[in-house]
Amino acid sequence: MEYIQQLFEQFFGTEWGPMLFVLAKDLTLIVAIVVPLLLGVAYLTFAERKIIGYMQVRVGPNRVTFFGIPWLRGWGQPIADAVKAMMKEIIVPNSANKFLFILAPILTIAPALAAWAVVPFSPEMVLADINAGLLYILAMTSMGIYGVIIAGWASNSKYAFIGAMRSAAQVVSYELAMGFALVCVLMMSASLNLGDIVNGQQGGSFLNWYLIPLFPMFLVYFISGVAETNRAPFDVAEGESEIVAGFHVDYSGMAFTVFFLAEYANMILVATLTSLLFLGGWLPPIDIAPLNMIPGFIWLLLKIAFMLFFFLWFRATFPRYRYDQIMRLGWKVFIPLTLVWIFVVGAIMQLPLSIRNVFPLNLWF
(Lines give C-alpha, C1' and ligand atoms only; values in the text may rest on other atoms or scores of the structure.)
Protein backbone atom coordinates (compact mmCIF):
# COMPACT_ATOMS: atom_id res chain seq x y z
CA MET A 1 0.00 0.00 0.00
CA GLU A 2 2.85 2.39 0.80
CA TYR A 3 4.43 1.56 -2.57
CA ILE A 4 1.20 2.50 -4.38
CA GLN A 5 1.03 5.75 -2.42
CA GLN A 6 4.59 6.55 -3.46
CA LEU A 7 3.63 5.93 -7.10
CA PHE A 8 0.77 8.43 -6.77
CA GLU A 9 3.16 10.99 -5.29
CA GLN A 10 5.65 10.33 -8.08
CA PHE A 11 3.09 10.81 -10.88
CA PHE A 12 0.93 13.57 -9.37
CA GLY A 13 3.35 15.32 -7.04
CA THR A 14 3.50 15.60 -3.27
CA GLU A 15 0.56 18.02 -3.18
CA TRP A 16 -2.04 16.10 -5.20
CA GLY A 17 -0.65 12.58 -4.86
CA PRO A 18 -1.74 11.77 -1.27
CA MET A 19 -5.22 13.23 -1.85
CA LEU A 20 -5.74 11.27 -5.07
CA PHE A 21 -4.41 8.13 -3.39
CA VAL A 22 -6.98 8.40 -0.59
CA LEU A 23 -9.73 9.07 -3.16
CA ALA A 24 -8.72 6.05 -5.25
CA LYS A 25 -8.52 3.87 -2.14
CA ASP A 26 -12.00 4.89 -0.98
CA LEU A 27 -13.50 4.36 -4.45
CA THR A 28 -11.94 0.90 -4.58
CA LEU A 29 -13.42 0.01 -1.20
CA ILE A 30 -16.84 1.33 -2.25
CA VAL A 31 -16.80 -0.83 -5.38
CA ALA A 32 -15.62 -3.80 -3.31
CA ILE A 33 -18.69 -3.37 -1.07
CA VAL A 34 -21.38 -2.39 -3.59
CA VAL A 35 -20.67 -4.98 -6.30
CA PRO A 36 -20.84 -8.04 -3.96
CA LEU A 37 -23.89 -6.49 -2.28
CA LEU A 38 -25.75 -6.16 -5.59
CA LEU A 39 -24.77 -9.72 -6.50
CA GLY A 40 -25.99 -10.84 -3.08
CA VAL A 41 -29.29 -9.05 -3.66
CA ALA A 42 -29.70 -10.73 -7.06
CA TYR A 43 -29.02 -14.22 -5.78
CA LEU A 44 -31.06 -13.68 -2.62
CA THR A 45 -34.07 -13.48 -4.94
CA PHE A 46 -32.97 -16.78 -6.47
CA ALA A 47 -32.50 -18.36 -3.04
CA GLU A 48 -35.94 -17.13 -1.98
CA ARG A 49 -37.65 -18.73 -4.96
CA LYS A 50 -35.77 -22.01 -4.52
CA ILE A 51 -36.21 -22.27 -0.74
CA ILE A 52 -39.90 -21.38 -0.82
CA GLY A 53 -40.29 -23.80 -3.72
CA TYR A 54 -38.81 -26.64 -1.69
CA MET A 55 -41.00 -25.72 1.28
CA GLN A 56 -44.06 -25.90 -0.97
CA VAL A 57 -42.91 -29.18 -2.60
CA ARG A 58 -42.01 -27.70 -5.98
CA VAL A 59 -38.73 -27.02 -7.74
CA GLY A 60 -38.50 -23.29 -8.38
CA PRO A 61 -36.38 -21.76 -11.20
CA ASN A 62 -34.50 -24.54 -13.00
CA ARG A 63 -34.28 -23.52 -16.68
CA VAL A 64 -31.97 -20.53 -17.19
CA THR A 65 -28.32 -21.58 -17.07
CA PHE A 66 -24.85 -20.27 -17.98
CA PHE A 67 -23.48 -21.44 -21.35
CA GLY A 68 -25.59 -24.58 -21.20
CA ILE A 69 -23.83 -26.07 -18.17
CA PRO A 70 -26.34 -28.67 -16.89
CA TRP A 71 -25.61 -28.40 -13.16
CA LEU A 72 -26.11 -24.61 -13.22
CA ARG A 73 -29.79 -24.83 -14.16
CA GLY A 74 -31.60 -21.89 -12.56
CA TRP A 75 -28.46 -19.99 -11.54
CA GLY A 76 -28.79 -17.66 -14.52
CA GLN A 77 -32.31 -16.64 -13.54
CA PRO A 78 -31.33 -13.43 -11.62
CA ILE A 79 -29.26 -12.27 -14.62
CA ALA A 80 -32.17 -12.96 -16.96
CA ASP A 81 -34.51 -11.03 -14.65
CA ALA A 82 -32.11 -8.05 -14.61
CA VAL A 83 -31.86 -8.00 -18.40
CA LYS A 84 -35.64 -8.23 -18.71
CA ALA A 85 -36.12 -5.30 -16.32
CA MET A 86 -33.60 -3.16 -18.21
CA MET A 87 -35.37 -3.84 -21.50
CA LYS A 88 -38.77 -2.74 -20.20
CA GLU A 89 -40.07 0.79 -20.67
CA ILE A 90 -40.50 3.09 -17.68
CA ILE A 91 -44.00 4.51 -18.07
CA VAL A 92 -44.73 7.71 -16.16
CA PRO A 93 -48.47 8.46 -15.69
CA ASN A 94 -49.63 11.72 -17.28
CA SER A 95 -50.96 13.12 -14.01
CA ALA A 96 -47.86 12.17 -11.98
CA ASN A 97 -45.19 14.54 -10.74
CA LYS A 98 -42.47 13.32 -13.09
CA PHE A 99 -39.48 14.62 -11.12
CA LEU A 100 -40.59 13.09 -7.81
CA PHE A 101 -41.79 9.95 -9.60
CA ILE A 102 -38.23 9.25 -10.80
CA LEU A 103 -36.60 10.54 -7.58
CA ALA A 104 -38.54 8.21 -5.27
CA PRO A 105 -36.75 4.94 -6.20
CA ILE A 106 -33.38 6.69 -5.82
CA LEU A 107 -34.33 7.95 -2.35
CA THR A 108 -35.27 4.38 -1.43
CA ILE A 109 -32.11 2.58 -2.51
CA ALA A 110 -29.51 5.28 -1.76
CA PRO A 111 -29.82 5.02 2.07
CA ALA A 112 -29.86 1.22 1.83
CA LEU A 113 -26.46 1.35 0.11
CA ALA A 114 -24.99 4.27 2.07
CA ALA A 115 -25.56 2.51 5.40
CA TRP A 116 -22.91 -0.09 4.48
CA ALA A 117 -20.15 2.52 4.77
CA VAL A 118 -19.75 1.87 8.51
CA VAL A 119 -20.45 -1.88 8.60
CA PRO A 120 -17.32 -3.82 9.68
CA PHE A 121 -16.85 -7.20 8.00
CA SER A 122 -13.85 -8.05 10.18
CA PRO A 123 -11.58 -6.06 12.56
CA GLU A 124 -9.67 -4.70 9.56
CA MET A 125 -12.37 -4.63 6.84
CA VAL A 126 -14.45 -1.45 7.24
CA LEU A 127 -14.81 1.55 4.95
CA ALA A 128 -15.41 4.20 7.64
CA ASP A 129 -14.68 3.19 11.23
CA ILE A 130 -16.54 6.05 12.93
CA ASN A 131 -17.45 6.16 16.60
CA ALA A 132 -21.15 6.87 15.97
CA GLY A 133 -21.55 4.12 13.36
CA LEU A 134 -24.75 2.70 14.79
CA LEU A 135 -26.32 6.15 14.97
CA TYR A 136 -25.35 6.73 11.34
CA ILE A 137 -27.03 3.47 10.28
CA LEU A 138 -30.22 4.37 12.16
CA ALA A 139 -30.26 7.74 10.41
CA MET A 140 -29.70 6.23 6.96
CA THR A 141 -32.27 3.46 7.30
CA SER A 142 -34.86 5.90 8.60
CA MET A 143 -34.56 7.99 5.42
CA GLY A 144 -35.69 5.13 3.18
CA ILE A 145 -39.33 5.77 4.08
CA TYR A 146 -39.17 9.13 2.25
CA GLY A 147 -38.84 7.29 -1.04
CA VAL A 148 -41.93 5.21 -0.26
CA ILE A 149 -44.02 8.24 0.73
CA ILE A 150 -42.91 10.27 -2.29
CA ALA A 151 -43.59 7.32 -4.61
CA GLY A 152 -47.14 6.99 -3.30
CA TRP A 153 -47.81 10.73 -3.54
CA ALA A 154 -46.07 11.43 -6.87
CA SER A 155 -48.10 8.75 -8.67
CA ASN A 156 -51.28 10.77 -8.09
CA SER A 157 -53.11 7.52 -7.38
CA LYS A 158 -55.31 6.92 -4.35
CA TYR A 159 -54.30 3.26 -4.11
CA ALA A 160 -50.59 4.09 -4.19
CA PHE A 161 -51.08 6.85 -1.61
CA ILE A 162 -52.95 4.52 0.76
CA GLY A 163 -50.13 2.01 0.51
CA ALA A 164 -47.52 4.71 1.20
CA MET A 165 -49.37 5.97 4.28
CA ARG A 166 -49.76 2.49 5.71
CA SER A 167 -46.07 1.82 5.14
CA ALA A 168 -45.08 5.10 6.81
CA ALA A 169 -47.17 4.36 9.90
CA GLN A 170 -45.75 0.86 10.13
CA VAL A 171 -42.12 2.00 9.80
CA VAL A 172 -42.53 4.73 12.44
CA SER A 173 -44.07 2.24 14.86
CA TYR A 174 -41.36 -0.39 14.54
CA GLU A 175 -38.51 2.13 14.27
CA LEU A 176 -39.20 3.06 17.90
CA ALA A 177 -39.09 -0.57 19.00
CA MET A 178 -35.83 -1.13 17.10
CA GLY A 179 -34.27 1.96 18.65
CA PHE A 180 -35.21 0.96 22.19
CA ALA A 181 -33.89 -2.58 21.59
CA LEU A 182 -30.56 -1.11 20.50
CA VAL A 183 -30.37 1.01 23.65
CA CYS A 184 -29.83 -2.20 25.64
CA VAL A 185 -26.92 -3.14 23.36
CA LEU A 186 -25.43 0.33 23.78
CA MET A 187 -25.75 0.12 27.56
CA MET A 188 -23.88 -3.18 27.67
CA SER A 189 -21.16 -2.28 25.15
CA ALA A 190 -20.84 1.40 26.18
CA SER A 191 -20.14 2.28 22.54
CA LEU A 192 -21.83 3.30 19.30
CA ASN A 193 -18.98 1.84 17.25
CA LEU A 194 -19.99 -1.46 15.63
CA GLY A 195 -16.46 -2.86 15.93
CA ASP A 196 -16.38 -2.11 19.67
CA ILE A 197 -19.81 -3.75 20.08
CA VAL A 198 -18.49 -6.96 18.49
CA ASN A 199 -15.30 -6.83 20.56
CA GLY A 200 -17.44 -6.50 23.69
CA GLN A 201 -18.81 -9.98 22.94
CA GLN A 202 -15.39 -11.66 23.01
CA GLY A 203 -14.77 -14.25 25.67
CA GLY A 204 -14.12 -17.60 24.11
CA SER A 205 -17.61 -18.88 23.31
CA PHE A 206 -21.12 -17.96 22.23
CA LEU A 207 -22.07 -17.59 25.91
CA ASN A 208 -20.52 -14.11 25.77
CA TRP A 209 -22.70 -12.96 22.88
CA TYR A 210 -25.41 -10.42 23.68
CA LEU A 211 -27.96 -12.91 22.29
CA ILE A 212 -28.30 -14.61 25.69
CA PRO A 213 -28.86 -11.69 28.12
CA LEU A 214 -30.79 -9.70 25.50
CA PHE A 215 -32.75 -12.53 23.89
CA PRO A 216 -36.11 -10.68 24.09
CA MET A 217 -34.43 -7.63 22.51
CA PHE A 218 -32.98 -9.88 19.81
CA LEU A 219 -36.49 -11.06 18.93
CA VAL A 220 -37.88 -7.51 19.04
CA TYR A 221 -35.09 -6.16 16.86
CA PHE A 222 -35.26 -8.89 14.24
CA ILE A 223 -39.07 -8.95 14.01
CA SER A 224 -39.08 -5.15 13.81
CA GLY A 225 -36.50 -5.43 11.04
CA VAL A 226 -38.85 -7.73 9.13
CA ALA A 227 -41.59 -5.13 9.55
CA GLU A 228 -39.24 -2.29 8.55
CA THR A 229 -38.45 -3.99 5.26
CA ASN A 230 -42.16 -4.55 4.52
CA ARG A 231 -41.64 -8.28 4.33
CA ALA A 232 -44.28 -10.92 4.96
CA PRO A 233 -46.17 -11.19 7.26
CA PHE A 234 -45.86 -7.39 7.62
CA ASP A 235 -46.20 -6.56 3.91
CA VAL A 236 -49.37 -4.49 4.27
CA ALA A 237 -47.82 -1.71 2.17
CA GLU A 238 -47.84 -4.14 -0.77
CA GLY A 239 -51.05 -5.99 0.03
CA GLU A 240 -51.97 -7.07 -3.51
CA SER A 241 -55.40 -8.32 -2.46
CA GLU A 242 -56.16 -5.03 -0.68
CA ILE A 243 -54.50 -2.06 -2.43
CA VAL A 244 -53.24 -3.39 -5.77
CA ALA A 245 -49.51 -3.72 -4.92
CA GLY A 246 -49.37 -0.55 -2.84
CA PHE A 247 -47.12 2.44 -3.29
CA HIS A 248 -45.31 1.19 -6.44
CA VAL A 249 -48.40 0.14 -8.39
CA ASP A 250 -47.67 2.64 -11.19
CA TYR A 251 -43.96 1.79 -11.54
CA SER A 252 -42.50 -0.41 -14.25
CA GLY A 253 -39.13 -1.40 -15.68
CA MET A 254 -35.99 -0.44 -13.81
CA ALA A 255 -37.88 2.04 -11.63
CA PHE A 256 -39.85 -0.84 -10.13
CA THR A 257 -36.70 -2.99 -9.98
CA VAL A 258 -34.94 -0.36 -7.84
CA PHE A 259 -37.68 -0.65 -5.21
CA PHE A 260 -37.25 -4.40 -5.39
CA LEU A 261 -33.47 -4.14 -4.95
CA ALA A 262 -33.84 -1.74 -2.01
CA GLU A 263 -36.08 -4.21 -0.18
CA TYR A 264 -33.57 -7.03 -0.51
CA ALA A 265 -30.61 -4.78 0.29
CA ASN A 266 -32.38 -3.75 3.50
CA MET A 267 -33.01 -7.42 4.31
CA ILE A 268 -29.28 -8.13 4.06
CA LEU A 269 -28.52 -5.04 6.16
CA VAL A 270 -30.92 -6.09 8.94
CA ALA A 271 -29.45 -9.60 8.95
CA THR A 272 -25.92 -8.14 9.11
CA LEU A 273 -26.74 -5.79 12.00
CA THR A 274 -28.46 -8.62 13.89
CA SER A 275 -25.31 -10.72 13.48
CA LEU A 276 -23.04 -7.90 14.63
CA LEU A 277 -25.13 -6.75 17.58
CA PHE A 278 -26.36 -10.04 19.01
CA LEU A 279 -24.49 -12.96 17.40
CA GLY A 280 -20.88 -11.93 17.90
CA GLY A 281 -20.26 -10.65 14.37
CA TRP A 282 -17.08 -12.23 13.01
CA LEU A 283 -16.37 -14.16 16.24
CA PRO A 284 -16.53 -17.98 16.08
CA PRO A 285 -19.08 -19.74 18.32
CA ILE A 286 -16.23 -21.42 20.25
CA ASP A 287 -12.69 -20.10 20.25
CA ILE A 288 -10.96 -23.43 19.64
CA ALA A 289 -9.25 -25.01 16.67
CA PRO A 290 -10.25 -25.51 13.92
CA LEU A 291 -13.14 -23.02 14.36
CA ASN A 292 -10.86 -20.10 15.20
CA MET A 293 -8.80 -20.82 12.07
CA ILE A 294 -11.71 -19.86 9.80
CA PRO A 295 -11.54 -16.17 8.78
CA GLY A 296 -13.92 -13.93 10.71
CA PHE A 297 -15.40 -12.67 7.45
CA ILE A 298 -16.65 -16.20 6.71
CA TRP A 299 -18.28 -16.49 10.15
CA LEU A 300 -20.10 -13.21 9.58
CA LEU A 301 -21.36 -14.37 6.17
CA LEU A 302 -22.62 -17.63 7.66
CA LYS A 303 -24.53 -15.76 10.38
CA ILE A 304 -26.00 -13.36 7.80
CA ALA A 305 -27.16 -16.30 5.66
CA PHE A 306 -28.69 -17.94 8.74
CA MET A 307 -30.72 -14.82 9.59
CA LEU A 308 -31.77 -14.31 5.95
CA PHE A 309 -33.19 -17.83 5.94
CA PHE A 310 -35.74 -16.70 8.53
CA PHE A 311 -36.90 -13.87 6.22
CA LEU A 312 -37.64 -16.45 3.55
CA TRP A 313 -39.13 -18.94 5.98
CA PHE A 314 -41.55 -16.32 7.34
CA ARG A 315 -42.80 -15.51 3.85
CA ALA A 316 -43.49 -19.18 3.09
CA THR A 317 -45.21 -19.82 6.43
CA PHE A 318 -47.21 -16.92 7.88
CA PRO A 319 -50.28 -15.24 6.42
CA ARG A 320 -50.39 -11.46 6.23
CA TYR A 321 -51.43 -9.76 9.47
CA ARG A 322 -54.31 -7.34 9.63
CA TYR A 323 -53.22 -3.73 9.93
CA ASP A 324 -54.67 -3.33 13.42
CA GLN A 325 -52.76 -6.44 14.55
CA ILE A 326 -49.49 -4.99 13.27
CA MET A 327 -50.05 -1.69 15.07
CA ARG A 328 -51.06 -3.46 18.28
CA LEU A 329 -47.91 -5.61 18.21
CA GLY A 330 -45.68 -2.59 17.75
CA TRP A 331 -47.23 -0.17 20.22
CA LYS A 332 -48.69 -2.44 22.90
CA VAL A 333 -46.18 -5.31 22.98
CA PHE A 334 -42.76 -4.40 21.58
CA ILE A 335 -42.35 -0.86 22.91
CA PRO A 336 -43.45 -1.68 26.51
CA LEU A 337 -41.24 -4.81 26.45
CA THR A 338 -38.18 -2.83 25.36
CA LEU A 339 -38.76 -0.20 28.05
CA VAL A 340 -38.99 -2.89 30.72
CA TRP A 341 -35.80 -4.55 29.49
CA ILE A 342 -33.93 -1.22 29.48
CA PHE A 343 -34.89 -0.86 33.15
CA VAL A 344 -33.77 -4.45 33.91
CA VAL A 345 -30.39 -3.98 32.19
CA GLY A 346 -29.86 -0.65 33.96
CA ALA A 347 -30.71 -2.19 37.34
CA ILE A 348 -28.27 -5.06 36.79
CA MET A 349 -25.51 -2.64 35.80
CA GLN A 350 -25.97 -0.80 39.08
CA LEU A 351 -25.50 -3.93 41.19
CA PRO A 352 -22.24 -4.14 43.16
CA LEU A 353 -19.45 -5.99 41.41
CA SER A 354 -19.37 -8.64 44.16
CA ILE A 355 -23.00 -9.58 43.48
CA ARG A 356 -22.51 -9.65 39.71
CA ASN A 357 -19.51 -11.98 40.08
CA VAL A 358 -21.56 -14.53 42.04
CA PHE A 359 -23.95 -15.05 39.13
CA PRO A 360 -23.06 -15.56 35.45
CA LEU A 361 -23.76 -11.85 34.96
CA ASN A 362 -20.02 -11.16 34.82
CA LEU A 363 -19.97 -12.78 31.37
CA TRP A 364 -21.68 -9.72 29.87
CA PHE A 365 -21.68 -6.86 32.43
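In this predicted model, the second largest pocket is lined by 28 residues. Pro 36, Leu 37, Ile 268, Phe 297 and Leu 301 are the ones that lie nearest its centre. The space in this pocket comes to about 750 Å³. Sorted by class, the lining has 24 nonpolar, 2 polar and 2 charged residues.

Helix α9 (residues 253-278) also packs against helix α3 (residues 98-114), at an angle of about 25° and with the axes 9 Å apart. Angles under 35 degrees count as roughly parallel, so α3 is roughly parallel to α9. Their crossing is left-handed. On the α3 side, the contact is made by Ala 104, Pro 105, Thr 108, Ile 109 and Ala 112. These meet residues of α9 that include Val 258, Phe 259, Leu 261 and Asn 266. The contact of α3 with α9 holds 10 nonpolar residues, 2 polar ones and no charged ones.

Helix α3 has another partner, helix α4 (residues 133-154), and here the angle is about 165° with the axes 8 Å apart. Since an angle over 145 degrees counts as roughly antiparallel, α3 and α4 are therefore roughly antiparallel to each other. The crossing of α3 and α4 is left-handed. Among the α3 residues in this contact are Leu 100, Phe 101, Leu 107 and Pro 111, and α4 contributes residues including Tyr 136, Met 140, Gly 144, Gly 147 and Trp 153. By class, the contact of α3 with α4 has 14 nonpolar and 3 polar residues, and no charged ones. Ala 104 and Thr 108 of α3 take part in the contact with α4 and also in the contact with α9.

The loops hold some details of the backbone. Most residues other than glycine have a negative phi, and most peptide bonds are trans. Where does the model depart from this? Val 57, in the loop between α1 and α2 (77-87), has a phi near 60°, which is a positive value in a residue other than glycine. A cis peptide bond joins Ala 232 and Pro 233, with omega at about 5°. Pro 233 sits in the loop between α7 (215-228) and α8 (240-243). Ala 289 and Pro 290 are also joined by a cis peptide bond, with omega about 5°, and Pro 290 belongs to the loop between α9 and α10.

Definitions and conventions
Residues numbered from 1 in each chain as written. Predicted model: local features only at pLDDT ≥ 70, side-chain atom pairs only at ≥ 80, totals over all residues. Heavy atoms only, no water. Axes fitted to C-alpha atoms, helices over the stretch in contact; angles between N-to-C directions. Helix = DSSP H or I, 4+ residues; strand = E, 2+ residues; numbered from the N terminus. Parallel < 35°, antiparallel > 145°, perpendicular 65-115°, else oblique. Left-handed = near helix turned anticlockwise from the far one by under 90°. Contact = heavy atoms within 4.5 Å. Nonpolar A, V, L, I, M, F, W, Y, C, P; charged D, E, K, R; others polar. 1 Å grid on protein atoms, 1.4 Å probe; cavity = no way out; pocket = protein on both sides within 12 Å on 5 of 7 lines; lining within 4 Å. Points joined across faces, edges and corners; volume = space filled by probe spheres on them.
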